[in-house]
Amino acid sequence: MYNILVYFFSFLVAMGDIFLRKTGVEEKKAKVEKESRVLLDYTRKAIQRLSYLKRILAQLEDEVAPCEAQMENWKTNLSLMIYKEREYNQRYVNYKALFNRVGYTPEINHGMLVEMAEHKKELEKKTKPILDTLRSYQDLPPVRKTINSKRL
C-alpha cells in the first residue's frame, strides 16, 4: 500500500506540475496573443498610414510637373530681369555722367524748368524781328564791287 501511496502521491505531484506548466503556457499564450493583437493593430495602422502617404505622394508627383514648368518660366524671367537690371543700371550710370557733364544739379526742378521755358519764349519773341530782318537780307542779290581804274 505504501507503494500505491507513493505512486499516487507522485501522480498528484506530476498532475500538479503539469497543471502549473499548463497554466504557465496558457498565460504565455494569452500574453503572446495580446501582443499579437497589438502588433496586428499597429500593422493595420501602419498599412493605412502607408497607403495615405502613397496617395499624398502621388498627388504631389502630379503637382510637380506644372510647378516645374512654372519654375522654369520664373528662371527664364529671372535671368531676363537680371539682364534688364544690369542694362538699366548701366543706363543710369551713363545718364548720371551725362547730366554731370552738362551741369545738371538736383536743384533744377520742374518749377525752374517752367521758368526757363518762359524765359526762352520771351527771348524768342524779342529776337524774332531781328531774325526776320536777317533772313530778308539773305534774299537780296549780292553786292558787286566795282573798281575804278581810271586814276592812272
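Select K120 and E124. Their side chains meet in a salt bridge, 3.8 Å from N to O; the term means a side-chain nitrogen of Lys or Arg within 4 Å of a carboxyl oxygen of Asp or Glu. Both residues lie in helix α2 (residues 110-138), four residues apart, about one turn of the helix. Helices here are DSSP runs (H or I, at least four residues), numbered from the N terminus. E124 is partly exposed, at 43% relative accessibility. Buried means under 20% relative accessible area, exposed over 50%, and partly exposed in between (1.4 Å probe, protein chains only).

A word on the source: this is a predicted model, in which local features need pLDDT of at least 70 and side-chain atom pairs count only at pLDDT 80 or more, while totals for chains, interfaces and linings use all residues. Residues are numbered from 1 along each chain as its sequence is written, and side-chain values use heavy atoms, leaving out hydrogens and water.

Next, select E72 and K75. They form a salt bridge at 3.8 Å, N to O. Both sit in helix α1 (residues 2-102), three residues apart. E72 is partly exposed at 45%, and K75 is partly exposed at 45% too.

Now go to K84 and E87. Their salt bridge spans 3.6 Å, N to O. Three residues separate them in helix α1, about one helical turn. K84 has a relative accessible area of 33%; E87 has 21% relative accessibility.

K84, E87 and R91 are linked in a network of salt bridges.

How many salt bridges does the structure hold? Seven.

How values were computed:
Helix = DSSP H or I, 4+ residues; strand = E, 2+ residues; numbered from the N terminus.
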